[in-house]
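Hi,

Here is the structure I said I'd pass along. Have a look at it, and my notes on what turned up are below.

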Amino acid sequence: MRYRTIANTTVSAIGLGAMPLSIEQRPDQERAIATIHAALDAGVTLIDTADSYHWHADEQGHNERLIARALARYGSDTSGVLVATKGGRGRPGDGSWTVNGAPGHLKRAAEASLKRLGAEAIGLYQLHKPDPAVPWADSVGALAELLDAGTIRAAGISNVNTAQIREAHAILGDGLVSVQNQYSPAVRGSEPELRLSTELGLAFLPWSPLGGISRSSLDGPSDATSAGTAFHHVAAERDVSPQQIALAWLLTRSPAMIPVPGASRPASVKDSALAAGLALSAAELTRLDDAPPS
């Protein structure tokens with residue numbers, strides 16, 4: 001495993017996105033815990049979650065409780081694992097998502113997340129999405145209060161534009177350590193945010209990092225409509241999965257980039273972790289840069 005940094009914390013270059021372990025079509029608890037343990041066995045030290053990663057309306061925090069349970073049951077030291085959670089979104093239980101960036105809500109949500117995770121402080125707390133009904137400075141100000149109170153050790157923001165990054169950085173200073181936007185082989189619209197994050201020394205945690213790449217055969221049937229991309233061709237030549245190629249390519253986009261691919265079974269997370277050790281040639285990178293999936 002290779003490593004990167006989030007502020008002054010060293011984490012694995014590939015993290016684990018834990019959302020698939022708690023939402024619709026989630027695995028049973030034992031397989032979910034085995035998946036988290038497989039990530040730890042593979043050297044993964046960054047786990048991404050949120051209080052809204054659950055299926056039914058009455059189980060808020062399902063994913064956070066699951067992670068806490070898995071860490072407690074792991075047979076080795078987990079003190080070096082950074083659990084990054086998020087607040088500011090909700091799931092009513094009908095498949096939809098809501099947004100609530102009110103300062104009071106965010107502070108209560110962070111305190112509830114801390115209790116579920118069972119830690120002294122949340123290692124990284126991220127504002128899940130800007131709330132159009134709440135001034136951005138007010139929502140970010142809640143993160144500043146959480147930092148001052150010691151509830152969280154570092155703050156991040158998600159689903160943001162460059163102006164929002166700059167404003168949050170002005171408010172939080174060194175307390176702001178990460179940006180989490182959608183970015184993948186197929187979705188590259190956050191290039192400006194990636195460049196700014198790199199410039200400001202913020203980690204960039206792309207969500208849905210495998211967009212445009214077919215579903216891994218480890219998780220189920222592949223999507224035939226995306227089987228002919230440059231990522232698949234390079235993977236076939238290397239005799240590795242296209243998911244590994246996509247993650248290795250993401251790591252070349254910026255030293256700030258730390259992908260957190262989701263997984264729902266041990267084999268998937270082991271495959272993703274191998275991408276940290278995969279070096280792509282200049283010729284391969286040119287093919288991948290110039291031929292994104294449609």
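**Strands, rings and cores**

Let's start with strand 8 (residues 124–127): Leu124 and Gln126 point one way from the strand, Tyr125 and Leu127 point the other way, and all are buried. Keep in mind that this is a predicted model.

Strand 8 has a partner in strand 5 (residues 82–87), running parallel to it and joined by four bridges. Within that pairing, Tyr125 of strand 8 has Thr85 opposite. Strand 8 also pairs with strand 9, again in the parallel sense, over three bridges. Tyr125 turns up here too, with Ala155 in strand 9 as its bridge partner. If you follow the chain, strand 8, helix 4 (residues 136–149) and strand 9 form a β-α-β unit that is right-handed.

Carry on from there and you reach strand 10. Strand 9 (residues 155–158) runs parallel to strand 10, with four bridges between them. Ile157 has Val179 in strand 10 as its bridge partner.

How many of the residues in strand 10 are buried? Five of its five, so to speak a mostly covered strand.

On to strand 11 (residues 203–204), which is parallel to strand 10 and joined to it by two bridges. Here Val179 stands opposite Phe204. The chain gets from strand 10 to strand 11 by way of helix 6, in a right-handed β-α-β crossover.

Now for the aromatics, where the count is four pairs. Why is the pair of Tyr183 and Trp249 called stacked? Because the ring centres are 6.4 Å apart and the planes are at 20 degrees, and planes under 30 degrees apart count as stacked. That pair links distant parts of the chain: Tyr183 sits in the loop between strand 10 (176–180) and helix 6 (191–200), while Trp249 is in helix 8, 66 residues apart. Tyr183 is buried, at 0% relative accessible area, and Trp249 is buried at 0% as well.

Trp249 has another ring partner in Phe231, and this pair is edge-to-face, with 5.4 Å from centre to centre and 85 degrees between the planes. It also links distant parts of the chain, with Phe231 in helix 7 (residues 230–238) and Trp249 in helix 8, 18 residues apart. Both Phe231 and Trp249 are buried. Through ring pairs, Tyr183, Phe204, Phe231 and Trp249 are linked into a cluster.

Last, the cores. In soluble globular proteins, nonpolar side chains tend to be buried together. Which residues touch the most other members of the largest nonpolar core? Among its 69 residues, they are Ile36, Tyr125, Leu143, Ile157, Ile245 and Leu288. Helix 8 (residues 242–253) supplies the largest share of this core, seven residues. There is also a second, separate core of twelve residues, with Val11, Leu46, Leu124 and Val177 among them.

Leaving aside residues up to four places away in sequence, Ile245 touches Phe231, Val234, Ala235, Arg238, Val240, Leu278, Leu280 and Leu288.

Cheers

How values were computed:
Residues are numbered from 1 along each chain as its sequence is written. This is a predicted model: local features need pLDDT of at least 70, side-chain atom pairs count only at pLDDT 80 or more; totals for chains, interfaces and linings use all residues. Side-chain values use heavy atoms; hydrogens and water are left out. A nonpolar core is a set of buried Ala, Val, Leu, Ile, Met, Phe, Trp, Tyr and Cys residues joined through side-chain atoms within 4.5 Å. Buried means under 20% relative accessible area, exposed over 50%, partly exposed in between (1.4 Å probe, protein chains only). Contact means heavy atoms within 4.5 Å. Rings of Phe, Tyr and Trp (its six-membered ring) pair if their centres lie within 6.5 Å; planes under 30 degrees apart count as stacked, over 60 as edge-to-face and the rest as tilted. Two strands pair if DSSP finds at least two bridges between them. A crossover is right-handed if, with the strands pointing away from the viewer, the path from the first strand over the helix to the second runs clockwise.
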